[in-house]
Amino acid sequence: PPAYVLMESFKMKWSHATVLVGILSVCVMPWKLVTADSAAGLSLFTKVYSAFLGPIFAVMVVDYYLLRKSTLDVNALYDKLGPFRGVNWAAIISIAAGALVSVFVVDLSWYVSLTTGVVYYLLMKYLPASGNFRIGTIFED
């Protein structure tokens, strides 16, 4: 996939992009990540990283499984004038709140992100700005 990204972004040939990805992967030195000296840093990085991924995952799960009952209109997702145009402030606010709480209790960040799902559910139900995004959900008027 990184080679395809380079091909698309910089209009490179596949062979050149593959060689460049190989060189860059060696420059990153992944074998340094598993030494005893860097184990604590890698552990902290993983915990902080998950403090942001957990809330995003919670919003996605609540939206798809609870609100939309595992049904999506893919054409509406990509329609520039469709119901999903703009910013879903319920998602942004709940992700920001969940990430903020998760950073303070980084050891439990995945579990704390469950609160993000609850906040997202409530904001989708009561926040007036999320009206467009209620189409196709259990809250659709």
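In the predicted model, helices α3 and α6 pack with their axes 8 Å apart and at an angle of about 40°, and the two helices are therefore oblique to each other. The crossing that α3 and α6 make is right-handed. On the side of α3, the contact is made by Lys47, Ser50, Ala51, Leu53, Gly54, Pro55, Phe57, Ala58, Val59, Val62, Asp63 and Leu67, and on the side of α6 by Ser109, Trp110, Ser113, Thr116, Gly117, Tyr120, Tyr121 and Met124. When these residues are sorted by class, the contact of α3 with α6 has 12 nonpolar, 6 polar and 2 charged residues.

Leu53, which lies in helix α3, is one of the residues that take part in this contact. Leu53 and Trp110 are separated by 57 residues in sequence, and the distance from C-alpha to C-alpha is 8.3 Å. Trp110 is among the residues that α6 brings to the contact with α3.

Helix α3, which spans residues 39-67, also packs with helix α5, which spans residues 89-104; the axes of the two come within 8 Å and cross at roughly 145°. As a crossing, the arrangement of α3 and α5 is right-handed. Here Ala51, Phe52, Pro55, Ile56 and Val59 in α3 meet Ala91, Ser94, Ile95, Gly98, Ala99, Ser102 and Val103 in α5. The residues of this contact divide into 9 nonpolar, 3 polar and no charged.

By class, the contact of α1 with α2 has 9 nonpolar residues, 1 polar residue and no charged residues.

Ala17, a residue of helix α2, is buried, since its relative accessible area is 0% and the limit for burial is under 20%. Although Ala17 and Ala3 are 14 residues apart in sequence, their C-alpha atoms are 5.0 Å apart in space.

Attention then turns to aromatic rings. A pair of aromatic rings is described by the distance of the centres and the angle of the planes. With centres within 6.5 Å as the criterion, the count comes to 5 aromatic pairs. The rings of Tyr64 and Tyr65 have centres 4.9 Å apart and planes at 85°, so the pair is edge-to-face, the limit for this class being over 60 degrees. Tyr64 counts as partly exposed, because its relative accessibility is 29%.

Most residues other than glycine have a negative phi. Lys69, a residue other than glycine, has a positive phi near 50°, and Ser70, likewise not a glycine, has a positive phi near 60°. Lys69 is placed in the loop between α3 and α4, the latter covering residues 74-77, and the place of Ser70 is in the loop between α3 and α4 as well. At 53% relative accessibility, Lys69 counts as exposed, whereas Ser70, with a relative accessible area of 37%, is partly exposed.

Arg134, finally, is found in the segment after α6, a helix that covers residues 109-126. Arg134 counts as buried, because its relative accessibility is 13% and residues under 20% are placed in that class. Leaving aside its neighbours within four places in sequence, Arg134 is in contact with Met124, Lys125, Tyr126, Leu127, Pro128, Phe139 and Glu140.

Notes. Residues are numbered from 1 along each chain as its sequence is written. This is a predicted model: local features need pLDDT of at least 70, side-chain atom pairs count only at pLDDT 80 or more; totals for chains, interfaces and linings use all residues. Side-chain values use heavy atoms; hydrogens and water are left out. Ala, Val, Leu, Ile, Met, Phe, Trp, Tyr, Cys and Pro count as nonpolar, Asp, Glu, Lys and Arg as charged, and the others, Gly among them, as polar. Rings of Phe, Tyr and Trp (its six-membered ring) pair if their centres lie within 6.5 Å; planes under 30 degrees apart count as stacked, over 60 as edge-to-face and the rest as tilted. Buried means under 20% relative accessible area, exposed over 50%, partly exposed in between (1.4 Å probe, protein chains only). Axes are lines fitted to C-alpha atoms, for helices over the stretch in contact, and angles run from 0 to 180 degrees between N-to-C directions. Helices (H or I, at least four residues) and strands (E, at least two) are DSSP runs, numbered from the N terminus. A crossing is left-handed if the near helix is turned anticlockwise from the far one by less than a right angle, and right-handed if clockwise. Contact means heavy atoms within 4.5 Å. Angles under 35 degrees count as roughly parallel, over 145 as roughly antiparallel, 65 to 115 as roughly perpendicular and the rest as oblique.
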